[in-house]
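Visitor: Please take me through the pocket and the strand pairing of the model shown here.

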Amino acid sequence: MTAFYDNKPSVLEAVGNGSFLYRYNIEEVIPELTEENAGEEKVSQWKCEEVTVWAPVSSDKVIEAVIRAKYSASAELALVNKFNSYQQGLDVDASAVSEYTDYLTFVAGVKRQVRTDLGDEAPSPAPGTASLAPRLADIAKLLSLTVNTMSLTDSDALAVKSVYPEWGTLIGKTLKKDDKLQCDGKLWKVLQEHTAQEQWRPGTGTESLYTEIVESAAGTLDDPIPYDNNMALEQGKYYSQDGEVYLCTRDTEIPVYNPLKDLVGIYVELQ
């Protein structure tokens with residue numbers, strides 16, 4: 001909300017009912033000289049934007065209030081969805097990129113301003129990167145939060161593996177079937193909905209929860225599929241491991257983790 005004061009207002013002021021007014025974009029406004037006020041003394045005013053924040057006051061609460069004053073939660077979500085749709089090649093105008101970039105720039109500026117005003121300013125970025133670094137960081141964070149809403153094929157997802165969230169950041173959160181994540185430098189796909197637990201790390205022992213996404217191959221004798229001890233095997237396709245090639249003779253239906261040499265006579269045969 002825009003407000004005017006006769007004297008320069010404080011950045012943060014207690015209202016007295018448990019709430020505080022945070023003021024930003026504070027500037028002195030001097031009336032323009034017109035024929036009507038030509039003989040009057042110029043009396044300046046102070047103009048600012050202000051939002052209400054309830055105690056206890058923190059930078060995060062103030063930042064949220066300022067952002068919501070310009071972008072509602074629904075408007076923010078609409079920007080994200082529009083940007084994602086454009087990224088997926090849907091029929092969305094290219095303005096989605098500039099609109100979303102403007103939003104990220106605004107958010108980065110609000111964070112810097114609020115943290116400076118409240119005395120917990122983050123370290124200054126390196127020279128020449130002040131306007132760019134926060135934007136890239138916000139984009140990276142947003143992508144990690146929204147990438148699983150995009151309908152990417154496994155091969156496309158593997159090409160942009162770095163934008164997927166790290167498994168360690170998802171502990172305690174619900175993972176849905178077909179969600180993708182990074183762990184130990186590999187990209188994994190969730191096989192069934194569950195809550196991520198520290199003891200259920202993707203890999204050996206959690207084959208029913210995760211499967212590794214690997215580079216695509218034809219699965220022929222000339223182009224066997226690399227096997228890395230956590231993969232469902234498909235009858236009729238060829239797989240390679242430790243310099244050997246194996247033909248799958250029976251579907252495993254679920255990911256298996258045993259070395260292929262231990263599955264000879266059960267699911268595969270050595271070529």
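Guide: On a 1 Å grid over the protein atoms alone, a pocket is an open set of points where a 1.4 Å probe fits, with protein on both sides within 12 Å along at least five of seven lines, and lining residues have an atom within 4 Å of a point. Grid points are joined across faces, edges and corners, and a volume is the space filled by probe spheres set on the points. The model is predicted, with local features needing pLDDT of at least 70 and side-chain atom pairs pLDDT 80 or more, while totals for chains, interfaces and linings use all residues. Residues are numbered from 1 along each chain as its sequence is written, and side-chain values use heavy atoms, leaving out hydrogens and water.

Visitor: What volume does the largest pocket have?

Guide: The lining of this pocket comprises 24 residues, with Asp154 and Ile225 among those nearest its centre. Its volume is about 510 Å³.

Visitor: Which strand supplies the largest share of the lining of the largest pocket?

Guide: Strands (E, at least two residues) and helices (H or I, at least four) are DSSP runs, numbered from the N terminus. Helix H5, strand S7 and strand S9 each give at least two residues to this lining. The largest share, 3 residues, comes from S9.

Visitor: In S11, which residue is the bridge partner of isoleucine 225?

Guide: Two strands pair if DSSP finds at least two bridges between them. S10 (residues 225-226) and S11 (residues 238-241) pair in the parallel sense over 2 bridges. Isoleucine 225 has as its bridge partner in S11 tyrosine 239.
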